[in-house]
Amino acid sequence: MAPASKRRKTKHDQQRFLCYGCDVERVPSQFPDCNPSADCQHLINTCTTCLKKWVEAQVEAGSFKTDKEDSKVFGLACPHPGCLGTMKADDVEEAATRKVFGRFDEIARRHIAEHTPGWRWCLAPHCKAGQVHDSSDAVAVTTTVVDDAAPPSEPIPKSKKSSKSKKKAVDETTKAVKEIDTKPDLIDIFQCHACGARACVHCDRPYHDGESCVQYQHRIRDRLGEEDQTLQTIQKSTRKCPACGVNIQKNGGCPYMICESDLFS
């Protein structure tokens, strides 16, 4: 038999620490590598499982910490009794499941946008940055729009009409096809400091370079209605994958679902 100094240590030989959440002594590997937040001054005394449950319970209950003086401060309280630390977005993402963090992130972004004057989020698909936008530099212009979608009048039948009648009919047809409309416009461009993407503040869309707001809205007016209907249909018939955020739809079978994007079930 090997001497005691060379025997392999068992789980019972490892040093254990008391978790304040479940009141159970656990091994170091069952605790996170750092405190719930950078503000915490106490020892690491909440196990990973308890911390995850704490975060989920706080998000579901809507128990968030905010600062009246700084609207960009938004997070969760530290589970340690008496600690005034705030778990911010990075801390919550580290401790929670993807689904819980997704819910937290959605509420946090909404809070910042509603309580910070001039705040705008970047519209680029893969950018989550945001900043305060100053619209004082917006420039007012006048835009002329030519309506090519107006229905033309009935074609002139081949008959023995007077030249005066023919000319009148041609003028009415031209007027119907090209109906000129002049409207005021405002050039207000938001540019993300993180990724550089530009957006039109007035249209709340990615910037339409080379077109005024009136021209852009006129060009896509039919498509906007279709996009809104499509988005409503997607929201009603699908749910987001908790892992990657892709919209997925159940098409029958058992309740077990697999996302084809990342094979996350």
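Which residues do ring pairs link into a cluster? Select Phe64, Phe74, Phe101 and Phe104, which ring pairs join into one cluster. Rings of Phe, Tyr and Trp (its six-membered ring) pair if their centres lie within 6.5 Å, with planes under 30 degrees apart counted as stacked, over 60 as edge-to-face and the rest as tilted. Across the whole structure, the search finds five aromatic pairs.

The model is predicted, with local features requiring pLDDT of at least 70, side-chain atom pairs counting only at pLDDT 80 or more, and totals for chains, interfaces and linings using all residues. Residues are numbered from 1 along each chain as its sequence is written, and side-chain values use heavy atoms, with hydrogens and water left out.

**Overview of the chain**

Display the protein chain as a cartoon; its secondary structure comes to six helices and 14 strands. Helices (H or I, at least four residues) and strands (E, at least two) are DSSP runs, numbered from the N terminus. Of the 265 residues of the chain, 27% count as buried. Here buried means under 20% relative accessible area, exposed over 50%, and partly exposed in between (1.4 Å probe, protein chains only). Among contacts (heavy atoms within 4.5 Å) between residues at least 6 apart in sequence, 47% join residues at least 24 apart.

**Stop 1: the nonpolar cores**

Next, select Val55, Val59, Leu76, Met87, Val92 and Phe104, the residues with the most contacts inside the largest nonpolar core, which has 14 residues. A nonpolar core is a set of buried Ala, Val, Leu, Ile, Met, Phe, Trp, Tyr and Cys residues joined through side-chain atoms within 4.5 Å. Two or more residues of this core come from each of α1 (48-61), β4 (74-77), α2 (89-95) and α3 (98-115). Helix α3 gives the largest share of the core, five residues.

Centre the view on Phe104. Not counting residues up to four places away in sequence, Phe104 touches Val59, Phe64, Phe74, Gly75, Leu76, Ala89 and Val92. A second, separate core has seven residues, including Cys122, Ala124, Ala199 and Val201.

**Stop 2**

Move to Ser37, in the loop between β2 (25-26) and α1. Ser37 counts as buried because its relative accessibility is 5%. Leaving aside neighbours within four places in sequence, Ser37 is in contact with Gly85, Thr86, Met87 and Asp91.

Then select Pro32, Asn35, Pro36, His42, Ile44, Asn45, Thr46 and Leu51, which line the largest cavity. The volume of this cavity is about 40 Å³. On a 1 Å grid over the protein atoms alone, a cavity is a set of points where a 1.4 Å probe fits but cannot get out, and a pocket is an open set with protein on both sides within 12 Å along at least five of seven lines; lining residues have an atom within 4 Å of a point. Grid points are joined across faces, edges and corners, and a volume is the space filled by probe spheres set on the points.

**Stop 3**

Select Arg109 and Trp121. Arg109 lies over the face of Trp121, at 4.0 Å from the ring centre; the criterion places NZ of Lys or CZ of Arg within 6 Å of the ring centre and within 35 degrees of the ring normal.

The second largest pocket has a volume of about 410 Å³. Its lining has 13 residues, of which Arg109, Trp121, Cys122, Leu123 and Cys127 are the closest to its centre. The elements that give two or more residues to this lining are α3 and β6 (119-121), and the largest share, four residues, comes from α3.

Arg110 counts as partly exposed because its relative accessibility is 39%. From Arg110 to Trp121, eleven residues apart in sequence, the C-alpha to C-alpha distance is 9.9 Å.

**Stop 4**

Select Cys200 in strand β11. With a relative accessible area of 2%, Cys200 is buried. Beyond residues up to four places away in sequence, Cys200 touches Arg120, Asp188, Arg205, Pro206, Tyr207, His208 and Cys213. The C-alpha atoms of Cys200 and Ser212 are separated by 9.8 Å, the two residues being twelve apart along the chain.

Finish at Asp204, in the loop between β11 (198-200) and β12 (205-206). Asp204 is not a glycine, although its phi is positive, at about 55 degrees. Asp204 is partly exposed, with a relative accessible area of 45%.
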